[in-house]
Amino acid sequence: MHALSIPTWIIHVSSVIEWAIAIWLIWSYGEVVGNRAWYAFSLAMLPALISAMCACTWHFFDNAQSLEWLVTLQASMTLIGNFTLLAAGWLLWRSTRSPVTRSHSKISSK
């Protein structure tokens, strides 16, 4: 595996593991606080995890030409992941606004 050095492999693999743990922790936090928007946030993180796994897989097989489609999949998952995290962040923000703040903003927008 000449594609990456050992320190770079350590960073790649630990990042994938950290991201998976973060997804699990955020899901667990959603259970603790009873806010389903945290579930959506953790699920929105999955495309980025898939993207990272695509990169690791492609490098593991020495950037093989036959697996070059993984680069396209990685880029696509990164793009999709950015948008899903944007949407999940907005849902999370919206779910934490108090009912008083929501009703006040409706009145002021009229």
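Helices (H or I, at least four residues) and strands (E, at least two) are DSSP runs, numbered from the N terminus. Keep that in mind as you open the model.

**Before you start**

This is a predicted model, in which local features need pLDDT of at least 70 and side-chain atom pairs count only at pLDDT 80 or more, while totals for chains, interfaces and linings use all residues. Residues are numbered from 1 along each chain as its sequence is written, and side-chain values use heavy atoms, with hydrogens and water left out.

**Stop 1: the whole protein**

Colour the protein by secondary structure. You will find five helices and zero strands, and from the N terminus on the order reads α-α-α-α-α.

Now show the surface. The protein exposes about 7,600 Å², with carbon and sulfur atoms supplying 71% of that area. Accessible areas come from the Shrake-Rupley method with a 1.4 Å probe; for residues, only the protein chains shown count as cover. A residue is called buried under 20% relative accessible area, exposed over 50%, and partly exposed in between (1.4 Å probe, protein chains only). Of the 110 residues in the protein, 25% are buried.

One more overview concerns contacts, meaning heavy atoms within 4.5 Å. Take the contacts between residues at least 6 apart in sequence: 60% of them join residues at least 24 apart.

**Stop 2: a patch on the surface**

Select V13, I17, I21, W24 and L25. Together they form a nonpolar patch on the surface, with about 500 Å² of accessible area. Patches are made of residues with over 30% relative accessible area and no salt bridge; like charges are joined within 9 Å, and nonpolar side chains (Val, Leu, Ile, Met, Phe, Trp, Tyr) within 5 Å. A salt bridge is a side-chain nitrogen of Lys or Arg within 4 Å of a carboxyl oxygen of Asp or Glu.

Zoom in on I17, which lies in helix α1 (residues 6-33). Its relative accessible area is 45%, so I17 counts as partly exposed. While you look along a helix, remember that an α-helix has 3.6 residues a turn, so residues three or four places apart point the same way.

**Stop 3**

Next, select N35, in the loop between α1 and α2. Is N35 buried or exposed? N35 is buried, with a relative accessible area of 17%. Leaving out residues up to four places away in sequence, N35 touches G30, L92, S95 and T96. N35 and S95 are 60 residues apart in sequence, and their C-alpha atoms are 7.8 Å apart in space.

**Stop 4: helix α2 and its neighbours**

Move on to α2 and select A37, Y39, F41, S42 and A44, which are buried. The buried residues of α2 pack against α1, α3 and α4.

Now display helix α2 (residues 37-44) together with helix α4 (residues 69-96). Their axes come within 8 Å and cross at roughly 170°. That makes α2 roughly antiparallel to α4. On the α2 side the contact is made by A37, W38, A40, F41 and A44, and on the α4 side by G81, T84, L85, A88, G89, L91, L92 and S95. Axes are lines fitted to C-alpha atoms, for helices over the stretch in contact, and angles run from 0 to 180 degrees between N-to-C directions. Angles under 35 degrees count as roughly parallel, over 145 as roughly antiparallel, 65 to 115 as roughly perpendicular and the rest as oblique.

Stay on helix α4 and pick I80. I80 is partly exposed, at 40% relative accessible area. Draw a distance from I80 to P47: these residues are 33 apart in sequence and 6.6 Å apart in space, C-alpha to C-alpha.

**Stop 5: helix α3**

Select H59, in helix α3. Which residues does H59 touch, not counting residues up to four places away in sequence? They are A3, L4, W9 and H12. H59 is buried, with a relative accessible area of 16%. H59 and L4 are 55 residues apart in sequence, yet 7.1 Å apart in space, C-alpha to C-alpha.

T57 is also in helix α3, and at 31% relative accessibility T57 counts as partly exposed.

**Stop 6: the loop between α3 and α4**

Finish with D62, in the loop between α3 (46-60) and α4, and N63, found in the loop between α3 and α4. Most residues other than glycine have a negative phi. D62, although not a glycine, has a positive phi of about 55°, and phi of N63 is near 55°, also a positive value. D62 is partly exposed at 31% relative accessibility, and N63 is partly exposed at 29%.
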